[in-house]
Number of protein chains: 2
Amino acid sequence: MAKHDPHLDLLFHALSDPTRRQMLNRLAQGPAPVSELAAPTGLRLPTVLRHLSVLEEAGLVTTQKDGRVRSCAFQPQAMAPMRDWLEEQRAIWEARLDRLDDYVTKLMKERNNGS
Amino acid sequence: MAKHDPHLDLLFHALSDPTRRQMLNRLAQGPAPVSELAAPTGLRLPTVLRHLSVLEEAGLVTTQKDGRVRSCAFQPQAMAPMRDWLEEQRAIWEARLDRLDDYVTKLMKERNNGS
């Protein structure tokens, strides 16, 4: 059984909210100040900042103060552990299908030899 | 901006918990009764059933009553929207890098022509 990776908790949790996914989608197009991230959400700034801190905690976004403006940047490499986990489950599943396939082939061979 | 997909909320939320990821990891190896899913978690049955219902709600697991035993099965196709969303963000990001690359190439050409 895979060990518990608390970073995966943070990553999947960060992406479970539509506002945070929307913010990340915007940042995938390039860095943006907080005000530009906030505008399309229609949410108040404190709420947007809370969402931003969840994205930061997961490592998906970094922010940088530039004078009076806080600029946000997407960190695409942070998505890798999620993709790896999803691929791992798929690989386990496909290995299972391969084993089933081998088993059925063996059964059919045995039946053909016995008949 | 991508439209809000409530199914993605459920999927990412379902995977944000280590017990649920552990249960899914077990089911990727093949169907199992609830008791077998519960054993390695060390949690009480009602807690395990609550986790199971979160996985069911996200479409990641289906359960089936077989006499007195409830059997659980992984539904790997349910992971697709998550993988698609992650890939979409990566594609947006990579398109941005390509545009930056084109821009730098253009600037360098202009500088060389001007010199």
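Predicted model: local features only at pLDDT ≥ 70, side-chain atom pairs only at ≥ 80, totals over all residues.
**How the chains relate**

Chain B superposes on chain A by a rotation of 180°, with 0.0 Å of shift along the axis and an RMSD of 0.0 Å. That is the relation of a two-fold axis. The same surface serves both copies: 100% of the contact residues of chain B recur in chain A. Which residue of chain B comes closest to the rotation axis? It is Phe12(B), with its C-alpha at 2.5 Å.

**Salt bridges**

Over all chains, the structure holds 8 salt bridges. One of them pairs Asp9(B) with Arg21(A). Their closest N and O atoms are 2.7 Å apart. Asp9(B) sits in helix H1 (residues 6-14) of chain B and Arg21(A) in helix H2 of chain A, so this pair joins two chains.

Two packed helices are described by the angle between their axes and the distance between the axes.

| Helix pair | Angle | Axis distance |
|---|---|---|
| H2(A) (residues 18-28) and H4(A) (residues 45-57) | about 75° | 10 Å |
| H1(A) (residues 6-14) and H5(A) (residues 80-114) | roughly 100° | within 9 Å |

Take H2(A) and H4(A), whose axes meet at about 75°. An angle of 65 to 115 degrees counts as roughly perpendicular, so H2(A) and H4(A) are roughly perpendicular to each other. H2(A) brings Thr19(A), Arg20(A), Met23(A) and Leu24(A) to the contact. H4(A) answers with Val48(A), His51(A), Leu52(A), Val54(A) and Leu55(A). By type, the residues of this contact are 6 nonpolar, 2 polar and 1 charged.

Now H1(A) and H5(A). Their axes cross at roughly 100°, and that makes H1(A) roughly perpendicular to H5(A). On the H1(A) side stand His7(A), Leu8(A), Leu11(A) and Phe12(A). They meet Pro81(A), Met82(A) and Trp85(A) of H5(A). The residues of the H1(A) and H5(A) contact divide into 6 nonpolar, 1 polar and no charged.

**Strand pairing in chain A**

Strands of a sheet pair through backbone hydrogen bonds, either parallel or antiparallel. Strand E1 (residues 32-33) of chain A pairs with strand E3 (residues 69-74) of chain A over 2 bridges, in the antiparallel sense. Here Ala32(A) stands opposite Cys72(A).

How many bridges link strand E2 (residues 61-66) of chain A to E3(A)? There are 6, again in the antiparallel sense. Asp66(A) of chain A stands opposite Val69(A) in E3(A). E2(A) and E3(A) form a hairpin, with 2 residues between them. Gly67(A) lies in the turn and has a positive phi of about 70°.

**The sheet of chain B and its helices**

In chain B, 3 strands form an open sheet in the order E1-E3-E2, with antiparallel pairing. Strand E1 (32-33) and strand E2 (61-66) of chain B are the edge strands, each pairing on one side only. E1(B) and E3(B) are joined by 2 bridges and run antiparallel. The bridge partner of Pro33(B) in E3(B) is Ser71(B).

Helix H2 (residues 18-28) of chain B touches E1, E2 and E3 of chain B. The direction of H2(B) makes about 85° with that of E3(B). Helix H4 (residues 45-57) of chain B touches E2 and E3 of chain B. The direction of H4(B) makes about 120° with that of E2(B).

Technical notes:
Residues numbered from 1 in each chain as written. Chains lettered and ligands numbered in written order. Heavy atoms only, no water. Axes fitted to C-alpha atoms, helices over the stretch in contact; angles between N-to-C directions. Helix = DSSP H or I, 4+ residues; strand = E, 2+ residues; numbered from the N terminus. Parallel < 35°, antiparallel > 145°, perpendicular 65-115°, else oblique. Contact = heavy atoms within 4.5 Å. Nonpolar A, V, L, I, M, F, W, Y, C, P; charged D, E, K, R; others polar. Pairing = 2+ DSSP bridges. Least-squares fit on C-alpha atoms with pLDDT ≥ 70 in both. Salt bridge = Lys/Arg side-chain N within 4 Å of Asp/Glu carboxyl O.
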